[in-house]
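Trainee: I should like to learn how to read a model of this kind feature by feature. May we begin with the chain as a whole and then proceed to its parts?

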Amino acid sequence: MPRVQSSTTSSVWDLADLATPMAIRTAATLRLADHAYPHGETAEQLAAETGTSTVALRRLLDHLVTVDVFALDVESDRYRPTTLGTQMRRDAPEGVLPVLDMTQAGGRAELAFVELLASVTTGEAAYPRHFGRDFWADLDAHPQLRRSFDQQMNWRFQLQAPQISQRYDWNRFGTVLDVGGGDGTLLTEILAAHPDVHGQVLDLEPTTDAATTRFADAGLTERAQAAPGSFFDPLPTGFDAYLLSDIVHDWDDDHARTILTHCRDAAAPTKAAVLLIEPIRGQGTSTGIDLFMLMCFGGGERTIDDIATLANDCGLALSSHAPVSDGRTILELRPS
Ligand SMILES: C[S@@+](CC[C@H](N)C(=O)[O-])C[C@H]1O[C@@H](n2cnc3c(N)ncnc32)[C@H](O)[C@@H]1O
């Protein structure tokens, strides 16, 4: 196949050539933008700092210059990140480093895209095929992946959690169980803004330990707890609301039905609310993220009707839905 030389040529090959995405991911993993910002460094300096081959690293950098991610000052032989390249810095506002860095949960998961053909053929997740176990089991086996995943989730919450806390009437509920509530970031935000609400996070260990620490740091131990547990087991009864934030789209329909049925069973005795916070297919959702959800989890984005039908299968009726934050809708369900 003829290789396209010009970075400005618009062609399918330009879109499909893996050299550029993998070069960017390699650079991000090696933190080249942080090392070389702002004044630039030579290939020799960068190789020494990153423990890489100078010759090979220079070839990587030269390709990144071709695609305008790095610039080369010919006189000093120094490479520095361009405006585009500085997005790879640790503290860049774009927050893309975790999904580029191949040693972090998000960046590592993207590598399973090489198995997309299998996902499209079977409709199932590619991640277990590539890494030998599913995403959650992999996080369980690698604590640093777990930490990086929780951080990635929380990055989006900088904007979304205050919106979710303020744009929905949480005061209607005395107690909230945040099912799959991660390290408690969202529940902390809700409880801090609504002093009469009490809550509990149910998630996998060690994330519940992180939630306990977060509640203590926020001075919320009187009103917030965290308990390890699985939403594939029966859930505790007695809460006024069962919250599932960014949970259902992680799962295929069969698993989603099991989770929703457990919420319904726990909610039914007191007619408690089941609250879903989800991206909604076609309402600003990214087709790329939807493919990622298929590839990584066997899940995907759903429409309001898709979710209502799924909930209905589990004895839950949709009573209302409304946008609650940038890119997220809250759906209120009640046992029917
Ligand atoms: C996409 S994250 C969403 C976390 C949080 N609700 C949020 O909105 O950021 C999915 C969460 O589900 C949790 N999870 C995965 N499998 C679980 C299970 N079987 N039981 C309980 N939680 C689980 C993960 O640990 C993770 O915290």
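**Reading the fold**

Mentor: Among the contacts in the chain with a separation of 6 or more, 61% are made by residues 24 or more positions apart. Please keep in mind that this is a predicted model.

Trainee: How many helices and strands are in the chain?

Mentor: The chain has 16 helices and 10 strands. Its C-alpha atoms fill a box of roughly 75 × 45 × 35 Å along the principal axes. Of its 336 residues, 39% count as buried.

Trainee: Let us turn to sheets. In what order do the strands of the open sheet of 3 strands lie?

Mentor: The general idea comes first. Strands of a sheet pair through backbone hydrogen bonds, in either a parallel or an antiparallel manner. In this structure the open sheet of 3 strands has the order 1-3-2, and its pairing is antiparallel. Strand 1 and strand 2 stand at the edges with a single partner strand each, so one side of each has no neighbour in the sheet.

Trainee: Over how many bridges does strand 3 pair with strand 1, and over how many with strand 2?

Mentor: Strand 1 (residues 41–42) and strand 3 (residues 78–81) pair over 2 bridges in the antiparallel sense. Strand 2 (residues 70–73) and strand 3 pair over 4 bridges, also in the antiparallel sense.

Trainee: Which residues stand opposite Tyr79 in strand 3?

Mentor: Glu41 stands opposite Tyr79, and Leu72 also stands opposite Tyr79. A further facing pair is Phe70 and Pro81, the latter in strand 3.

Trainee: What lies between strand 2 and strand 3?

Mentor: The two strands form a hairpin with 4 residues between them. In the turn, Asp77 has a positive phi of about 60°.

Trainee: For a helix, what span should the 13 residues of helix 5 have at 1.5 Å a residue?

Mentor: The expected span of a helix is 1.5 Å times one less than its number of residues. For helix 5 (residues 54–66) this gives 18 Å, and the end C-alpha atoms are 18 Å apart, in agreement with the expectation.

Trainee: Which residues of helix 5 are buried?

Mentor: Leu57, Leu60, Leu61 and Leu64 are buried in helix 5. They cover an arc of only 95° around the axis, and therefore lie on the same side of helix 5. The elements that cover these buried residues include helix 2 (19–29), helix 4 (43–50), strand 2 and strand 3. After helix 5 comes Asp68, with a positive phi near 70°.

Trainee: May we apply that reading to another helix? Which residues of helix 13 are buried?

Mentor: In helix 13 (residues 207–217), the buried residues are Thr207, Thr208, Ala210, Ala211, Arg214 and Phe215. Their arc around the axis is only 150°, which places them on the same side of helix 13. Ala216 and Asp217, on the other side of helix 13, are exposed.

Trainee: What covers the buried residues of helix 13, and which residue with a positive phi follows the helix?

Mentor: The cover includes helix 11 (143–166), helix 12 (185–193), strand 5 (198–203) and strand 6 (224–228). Gly219 follows helix 13, and its phi is positive, near 70°.

Trainee: How many residues surround the ligand, and which are the closest?

Mentor: The ligand is surrounded by 16 residues, of which the closest are Met153, Gly180, Gly182, Ser230 and Ser245.

Trainee: Is Met153 buried or exposed?

Mentor: A residue is buried if 20 or more other C-beta atoms lie within 10 Å of its own. Met153 has 20 C-beta neighbours inside 10 Å, and so counts as buried. Met153 is found in helix 11. The C-alpha atoms of Met153 and Gly106 are separated by 9.9 Å, although these residues are 47 residues apart along the chain.

Trainee: How many other C-beta atoms lie within 10 Å in the case of His198?

Mentor: There are 19, so His198 is partly exposed. His198 is found in strand 5. Leaving aside neighbours within four places in sequence, His198 is in contact with Gly174, Thr175 and Arg223. The C-alpha atoms of His198 and Gln283, 85 residues apart along the chain, are separated by 32 Å.

Definitions and conventions:
Residues numbered from 1 in each chain as written. Predicted model: local features only at pLDDT ≥ 70, side-chain atom pairs only at ≥ 80, totals over all residues. Buried ≥ 20, exposed ≤ 12 C-beta atoms within 10 Å, placed from the backbone. Arc of directions from axis to C-beta. Contact = placed C-beta atoms within 7 Å. Pairing = 2+ DSSP bridges. Near = placed C-beta within 6 Å.
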